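Hi,

Here is the structure I promised to pass on. Have a look at it first, and my notes on what turned up follow below.

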Amino acid sequence: MTPKHVTRRPLLAGTIATLAIVVTAAWVTYSYRQGDAAASVAPAALPQVVVSKPLEREVDSRLGFLGQFSAVEQVELRAQVGGTLTGIHFKDGDIVHQGDLLFTIDPRPYEIRLAQAKAQLETANARLVLAGRELHRAEVLAAKAFGTEETVDQRTADQRTGQAAVDDANAQIRDAEFDLEHCRITAPFTGRIGTHLVSVGNLIAGSRTATSPTTLLTTLVSLDPIYLDFDMSESDFLTFSRDRARLKGGLADKVEIALSDETESARQGTLDFVDNALNRSSGTIHARATVPNPNGLLTPGVFARVKPDGTVVPKQVEIGDLRGGLRVIRSGVTPNDQVIIEGIPHAAPGAKVAPEAGTIHYAAAEGQG
């Protein structure tokens, strides 16, 4: 599937169809014996025919489809923490970049929770230090026979409890920091943002795992590159598959694209996905190309014409379609052959004829495709 991969093929006048007779010589000659007695008899006049060399044109026989652009990445932005919306930091429809601030939620409840977690950590650390001292004292007394092993075991358990309290306080701090960070909602990737669906002052619902209803804030779609989705019929898919197997490598994966208001396929993309089964209800198979979009002109939802390269493979004595009022001859005729274009009824196989030079005319307006 590539940029214009076209094959130069001869075109013959459509009126001769498959009855075209190739005359290998420019002019048919006849022989006679020098000085023979029969030379005095005048030969019969030969049938008149008009011949011409085949007309060569570049014939575009690529497959064409109607596709629709879609975003490579798209996301619904929802809050992971609840609270009052305090700021919207973009204009609807803006191009935003990864990491740009989009929304802010009142952080004060989460700042309070973080302060509480830090205070809890200080308390846990103090208790852990005390438990460590008491354990050390119990071990010294037990070594001098002034204490018991039971006391040592108790102080050891107290120290482990103190360490667990410290670990829990650290976890609470990380949890509070997570919530505080998510009071600032940023763009996860570069793209075009939609309209804001909430206003400043609204109380929004948030959830880290979306296990409870959350408030949709806006949507964001990536623009460069962009997908072009299209469907192929079963027959087109078979033609495409045979040509793709022949055109190995990157050439087989190229597509040419034209927007609905464009007459030329000025854009190129790369076919990167063909589904693994035909849709039984529609009899089509889904395919997708990735298209560069550095200037952001292409937008998800826009339609375009896509032309995977499907140039027909020449076959022996195979006739193609009609182009410009002429029949495409895929093989079997060379550019130097002489083809009868008029007088076919007199041109039976093996018959001698008197050729007259003619010209095959190509209807350019009709042949555009």
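Let me start with Arg113, which is partly exposed, with a relative accessible area of 28%. Please keep in mind that this is a predicted model. Arg113 forms a salt bridge with Asp179, and their closest N and O atoms are 2.6 Å apart. Arg113 belongs to helix α1 (residues 108-143) and Asp179 to helix α2 (residues 149-181), so this pair ties together parts that are 66 residues apart in sequence. Asp179 itself is buried, at 7% relative accessible area.

Asp106 counts as buried at 14% relative accessibility, while Arg108 is exposed at 54%. Another is Glu76 with Arg78, with 3.0 Å between the closest N and O atoms. Here Glu76 is partly exposed at 47%, and Arg78 is partly exposed at 33%.

Leaving aside residues up to four places away in sequence, Met232 touches Phe65, Phe237, Phe240, Gly283, Thr284, Ile285 and Ala287.

Strand β17 is worth a look on your screen. Of its 8 residues, 7 are buried. β17 pairs with β14 in the antiparallel sense over 8 bridges, and Leu228 stands opposite Ala289 in β17. Strand β16 (residues 267-274) also runs antiparallel to β17, joined by 4 bridges, with Thr270 opposite Thr290 of β17.

Finally, there is an open sheet of 4 strands in the order β10-β9-β7-β12, with antiparallel pairing. Its edge strands, β10 (184-186) and β12 (203-204), each pair on one side only. Within this sheet, β7 (residues 83-88) and β9 (residues 101-105) pair over 3 bridges, and the bridge partner of Gly87 is Thr104 in β9.

Happy to go through any of this with you.

Best wishes

Methods
Residues are numbered from 1 along each chain as its sequence is written. This is a predicted model: local features need pLDDT of at least 70, side-chain atom pairs count only at pLDDT 80 or more; totals for chains, interfaces and linings use all residues. Side-chain values use heavy atoms; hydrogens and water are left out. Contact means heavy atoms within 4.5 Å. Buried means under 20% relative accessible area, exposed over 50%, partly exposed in between (1.4 Å probe, protein chains only). Helices (H or I, at least four residues) and strands (E, at least two) are DSSP runs, numbered from the N terminus. Two strands pair if DSSP finds at least two bridges between them. A salt bridge is a side-chain nitrogen of Lys or Arg within 4 Å of a carboxyl oxygen of Asp or Glu.
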